[in-house]
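Here is a short report on a protein chain and its ligand. Look over the sequence and the model first, then read on.

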Amino acid sequence: MITLKDVHKSFDDLKVLNGISFTMKKGEIISVIGSSGSGKSTLLRVINGLESASRGHMKIDDDTFDLSTMHEKDKRRIRKRVSMVFQNYNLFKHKTALENVIEGLIVDGMKKDKAIELGISLLDKVGLVDRKNHYPSQLSGGQQQRVGIARALALKPQVILFDEPTSALDPELVQEVLSVIRKLVDESVTILIVTHEMTFAKEISDRIVFMSEGVIEVDTHPQALYQSNNNKLRAFLGKADK
Ligand SMILES: Nc1ncnc2c1ncn2[C@@H]1O[C@H](COP(=O)(O)OP(=O)(O)OP(=O)(O)O)[C@@H](O)[C@H]1O
Ligand SMILES: [Mg+2]
């Protein structure tokens with residue numbers, strides 16, 4: 001349902017993505033792993049239209065986008081179908097939890113009372129209805145991230161991208177966010193997640209993609225990960241938790 005074809009991205013002389021191609025099917029859960037600087041966040045940002053590529057194409061269902069020439073109209077079309085959850089939550093600080101969740105719906109033209117109804121049901125889903133009128137500064141990191149997930153769900157995207165959703169959290173708050181993501185997995189939401197939580201990645205993923213220097217080195221089932229002969233992956237896993 002989403003296909004990337006030969007995606008390249010450079011920042012000046014630095015080549016960050018060096019020909020990324022892969023396909024995600026509906027309902028698939030794919031984890032992206034790799035060392036710092038390997039291009040994981042850049043890949044997600046390109047998929048979500050936050051960053052243009054130097055070259056490459058993306059196909060979503062029957063629509064093909066040239067990622068090197070993205071117009072605002074294309075970005076809007078992509079963001080209706082692909083939403084993103086950020087490492088640092090990226091909530092509006094002067095908006096309440098509920099206002100953060102419904103912002104996109106209102107911009108999209110939904111009537112306010114309908115948006116509020118939907119927003120409350122999404123906050124309920126992430127276990128935060130009782131915090132709906134709290135501002136981000138009045139919420140823990142785990143709660144802010146759960147608001148971020150509710151916001152990402154609001155526009156009923158076909159795919160949700162998560163960029164290290166738990167890495168800014170204190171260890172005791174990680175599980176509450178992972179359990180919300182697990183719930184989405186059970187509901188067959190299509191997910192692409194960058195994570196260092198290897199145990200979690202192995203548990204939820206249909207596929208694990210290992211990136212190194214802007215290239216997909218390995219794309220495999222979680223069970224096959226530790227049997228891989230790829231030296232870069234073996235070196236990476238030697239450092240990551242098992
Ligand atoms: N806006 C930018 N301008 C210039 N260089 C950038 C920019 N964004 C990223 N880079 C560079 O691109 C490379 C890949 O960055 P990216 O954030 O995609 O890595 P990552 O795999 O997500 O790393 P991490 O695990 O640390 O989050 C890095 O060398 C980074 O410094
Ligand atoms: Mg990153």
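## The shell around ligand 1

Helix 1 provides the largest share of the shell around ligand 1, with 3 residues. This is a predicted model. Helix 1 covers residues 40-47, and strand 2 covers 14-24; each of the two supplies at least two residues of the shell.

Which residues are around ligand 1? They are F11, L14, V16, S35, S36, G37, S38, G39, K40, S41, T42 and E164. Sorted by class, the shell holds 7 polar, 3 nonpolar and 2 charged residues.

Now turn to side chains. How much of ligand 1 does the protein bury? Taken alone, ligand 1 exposes 640 Å², and the protein buries 59% of that.

Strand 4 runs over residues 55-60. Its covered face carries G56, M58 and I60. Its uncovered face carries R55, H57 and K59.

Strand 4 pairs with strand 1, residues 2-11, in the antiparallel sense over 5 bridges. Strand 4 also pairs with strand 5, residues 63-66, again antiparallel, over 4 bridges. H57 takes part in both pairings. The bridge partner of K5 in strand 4 is H57. In strand 5, H57 has D66 as its bridge partner.

What do strand 4 and strand 5 form together? They form a hairpin, with 2 residues between the strands. D61 sits in the turn and has a positive phi of about 50°.

## Two residues elsewhere

K80 belongs to helix 2, which spans residues 72-81. The cut-off for exposed is over 50%. K80 and L155 lie 75 residues apart along the chain, yet their C-alpha atoms are separated by 6.5 Å.

T195 is in a loop. That loop links strand 8 (190-194) to helix 7 (198-204). T195 counts as buried because its relative accessibility is 4%, and buried means under 20%. A polar atom of the T195 side chain lies 2.9 Å from the backbone nitrogen of E197.

## The chain as a whole

The secondary structure of the protein chain comes to 8 helices and 10 strands. Of its 242 residues, 51% are buried.

What is the radius of gyration of the protein chain? The value is 18 Å. A compact globule of 242 residues would have a radius of gyration near 18 Å, so the chain agrees with that expectation. Along its principal axes, the C-alpha trace spans about 55 × 40 × 30 Å.

Technical notes. Residues numbered from 1 in each chain as written. Chains lettered and ligands numbered in written order. Predicted model: local features only at pLDDT ≥ 70, side-chain atom pairs only at ≥ 80, totals over all residues. Heavy atoms only, no water. Buried < 20%, exposed > 50% of the residue type's maximum accessible area, 1.4 Å probe, protein only. Pairing = 2+ DSSP bridges. Near = heavy atom within 4 Å. Areas by Shrake-Rupley, 256 points an atom, 1.4 Å probe, with all protein chains shown as cover. Nonpolar A, V, L, I, M, F, W, Y, C, P; charged D, E, K, R; others polar. Rg over C-alpha atoms; globule rule 2.2 N^0.38 Å. Polar contact = N/O pair within 3.5 Å; in protein donor to acceptor, adjacent residues only side chain to side chain.
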